[in-house]
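Subject: Handing over a structure, with notes

Dear colleague,

I am passing a structure on to you and would be glad if you looked through it alongside the notes further down.

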Amino acid sequence: MDKSLIRKEVLPFVLMFGSLIAATLISDALLHQLDLVWIGRWLGIPGTLLILTSFLYSLRKRKKITFGKPKTLLRLHETLTWLGALMILVHAGIHVYAILPWLALAAMLINVFSGMTGKILLDRSKRFLAAKRETYLSDGLSEEQVEKRLFWDATTYDLMKKWRSVHLPITLAFVVLGLGHIISILLFWQWQ
Ligand code: HEM
């Protein structure tokens with residue numbers, strides 16, 4: 001594999017996902033050490049709130065709200081989902097044995113994995129488009145070669161559309177399973 005591909009795509013991905021797993025293990029170990037495992041039971045709530053807040057980006061993109069720079073809100077989306085996922089992973093670490101919470105957790109992890117893949121693909125598209133036609137021409141490529149290159153650029157953009165058609169259903173599955181888990185907790189809550 002080419003070195004710049006490892007530096008620009010593989011490494012950032014491994015760092016983002018690896019740091020999430022490492023932070024989960026460290027937080028879980030700390031809570032056990034400090035006898036604060038009960039905190040994990042409650043972490044599901046702030047975690048969910050952070051992930052919900054991260055959807056400000058989607059609202060901005062779809063013009064439901066007008067405040068905030070899209071670029072900043074996208075960074076916020078990436079950061080808040082990372083933090084929210086960390087809290088939910090620690091929350092899940094308190095070993096609940098029902099199936100629904102585990103399904104919701106698996107959907108969240110797939111969602112995070114897919115989100116990170118999207119970030120890498122988006123960065124790749126940006127890099128491709130920044131070096132557009134002019135650069136190709138100034139590099140001395142023929143018109144035909146430039147067309148061929150631009151075709152590949154478009155494919156990269158198209159890749160984002162394809163990615164979204166995978167990411168959105170995964171989000172839907174996560175929302176449904178997460179809601180199912182939350183509703184079942186509320187139903188079985190000991191109100192006393
Ligand atoms: C709980 C986990 C996550 C959920 C539920 C989630 C949900 C979503 C949704 C629904 C969209 C589509 C926005 C729209 O088109 O309106 C989106 C876009 C995106 N997400 Fe996530 N996401 C999650 C985690 C992540 C993570 C961890 C990252 C990266 C670190 C990330 C990066 C992105 C990127 C780059 C986009 C594309 C922006 C665009 O094309 O407009 N997501 N996410």
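Predicted model: local features only at pLDDT ≥ 70, side-chain atom pairs only at ≥ 80, totals over all residues.

Residues are numbered from 1 along each chain as its sequence is written.

The protein chain is assigned domain 1 (1–95) and domain 2 (97–192), bounds that come from an automatic or database domain assignment. Their C-alpha centres lie 15 Å apart, and ten residues of domain 1 are in contact with ten residues of domain 2, where contact means C-beta atoms, placed from the backbone, within 7 Å of each other. On the side of domain 1 that touches domain 2, helix 1 and helix 4 each supply at least two residues (helices are DSSP runs of H or I with at least four residues, numbered from the N terminus).

The ligand has 24 residues around it, of which Ser58, Glu78, Thr81, Gly115 and Lys119 come nearest; a residue counts as near if its C-beta atom, placed from the backbone, lies within 6 Å. Two or more residues of this shell come from each of helix 3 (56–61), helix 4 (70–92), helix 5 (99–130) and helix 7 (143–188), with helix 5 giving the most, eight residues. Both domain 1 and domain 2 contribute at least three residues to the shell.

Helix 2 (residues 37–54) has 18 residues and spans 27 Å from its first C-alpha to its last, close to the 26 Å expected at 1.5 Å a residue, the expected span being 1.5 Å times one less than the number of residues. A kink of about 35° lies at Leu43 in helix 2, shortly before the proline Pro46, the bend being the angle between axes fitted to the seven residues ending at a residue and the seven starting there. Leu43 is also among the buried residues of helix 2, which include Gly40, Gly44 and Leu50 (buried means 20 or more other C-beta atoms within 10 Å of a residue's own, exposed 12 or fewer, and partly exposed in between, with C-beta atoms placed from the backbone). Helix 1 (3–33), helix 3 and helix 4 are among what covers these buried residues.

Finally, Ile65 sits in the loop between helix 3 and helix 4, and counts as partly exposed because it has 13 C-beta neighbours inside 10 Å. Leaving aside neighbours within four places in sequence, Ile65 is in contact with Leu56, Leu59 and Arg60.

With best wishes

Key:
Contact = placed C-beta atoms within 7 Å.
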